Amino acid sequence: MAKPSSHISVRKIDGVTRIDFLDRNILDELNIHQIGEELLKSVESEFRPKVIVVFTNVEHMSSAAYGTFMKFNERVKSRDGQLRLCELKPRVYEGFVITKLNRIFSIHESWAAALDTLT
Amino acid sequence: MTTPAPLFHCDHTLCELRTGLELVQDEVAAALAAHGYEDGAMFAIRLALEEAIVNGFRHGNRSDPTKCVFFRATIDSVSAEFEIEDQGPGFDPRMIPDPTEDDNLEIPSGRGVMLIKAYMTEVEYVRPGNKLRMRYAKLRA
């Protein structure tokens, strides 16, 4: 069952935590701090979390958002977990390439493709 | 034959980040649309404006609520020009470490200026570094 929050939806599907963004529009400076807290909370009680973040609704990311995802990635890794990102719009993905953060994150075209890489 | 949209110009003193950002983004988006800018251009300009204004408040003014950010924009069907000036001491953009270098890649901050440079056609920091001028050329070569 979905756990509604103001910015993300967190669901557990066959042992994998699926995170979707509820905001139709953007992931920007005005809400990124709250999103960061919600992301960290989503794995706070988990050991070896398997997490897939679905970007279908995200149309814009600021540098603050990249920083938030990097902190989330560190948190997941610190719990011996795995984080995957998927379904990024081309312009959002382009930002990861410009910043070379596509080398840090495991990014996939679809939920199914991301799921296949989890071990 | 359609009449070209008139030159858009605005000049704002922004004294609070959230309301300032919303005001500017809404006005600029409307002006860009009126002058026929495509989605890709609007995406680029929106991102650069957000980074520049946030930097002005957070890093330039150090979130000092008594300080403001001055914003000017001029938009026509050829290009969109912006000036963002904070009330801080300025900085030397050459001193910002390259966030794409291997040693810096995992540092969570420091990508705003890089994104501005990537998405805008021309970017200039005016000494002492508290004023940013940036331009987006609609018709790129």
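Author: Start with Cys86(A), which is buried at a relative accessible area of 0%. (Buried means under 20%, exposed over 50%, partly exposed in between, with a 1.4 Å probe and protein chains only.) This is a predicted model: local features need pLDDT of at least 70, side-chain atom pairs count only at pLDDT 80 or more, and totals for chains, interfaces and linings use all residues; side-chain values use heavy atoms, without hydrogens and water. Residues are numbered from 1 along each chain as its sequence is written, while chains are lettered from A and ligands numbered from 1 in the order written.

Now turn to chain B. Cys10(B) is buried as well, at 7% relative accessible area.

Cys15(B) does have a partner. A disulfide joins Cys15(B) to Cys68(B), with 2.3 Å from S to S. Over all chains, the count comes to one disulfide. A disulfide is a covalent bond between the sulfur atoms of two cysteines. The torsion about the S-S bond of Cys15(B) and Cys68(B) is about 95°, so this disulfide is right-handed.

Where do its two ends sit? Cys15(B) is in the loop between strand E1 (8-14) and helix H1 (17-34) of chain B. Cys68(B) is in the loop between helix H2 (39-60) and strand E2 (69-75) of chain B. The pair therefore ties together parts that are 53 residues apart in sequence. Cys15(B) is partly exposed, with a relative accessible area of 44%. Cys68(B) is buried, at 11%.

Follow helix H2 of chain B to Asn55(B). Asn55(B) is buried, with a relative accessible area of 19%. Look past the residues up to four places away in sequence. Asn55(B) then touches Gly60(B), Gly112(B), Val113(B) and Ile116(B). (Contact means heavy atoms within 4.5 Å.)

Step back to the whole of chain B. It has three helices and five strands. Along the sequence, their pattern is β-α-α-β-β-α-β-β. Of the 141 residues of chain B, 45% count as buried. Take the contacts in chain B with a separation of 6 or more. Residues 24 or more positions apart account for 61% of them. The C-alpha atoms of chain B fill a box of roughly 55 × 35 × 25 Å along the principal axes.

Next, look where the two chains meet. Leu105(B) lies in the loop between strand E3 (79-85) and helix H3 (112-119) of chain B. Leu105(B) is buried, at 4% relative accessibility. Leave aside its neighbours within four places in sequence. Its contacts then include Met70(A), Thr99(A), Lys100(A) and Leu101(A) from chain A. Pro99(B), Thr100(B) and Arg111(B) are among its contacts too.

Lys100(A) has a positive phi of about 65° although it is not a glycine. Most residues other than glycine have a negative phi, and most peptide bonds are trans. Lys100(A) is in the loop between H3 and strand E6 (107-108) of chain A. It is partly exposed, at 34% relative accessibility.

Glu87(A) also has a positive phi, near 60°. Its place is the loop between strand E5 (82-86) and helix H3 (90-98) of chain A. Glu87(A) is partly exposed, at 26%.

Finish in chain B. A cis peptide bond joins Arg127(B) and Pro128(B), with omega about 10°. Pro128(B) sits in the loop between strand E4 (122-126) and strand E5 (131-137) of chain B.

Technical notes
A disulfide is a pair of cysteine sulfur atoms within 2.5 Å. Helices (H or I, at least four residues) and strands (E, at least two) are DSSP runs, numbered from the N terminus.
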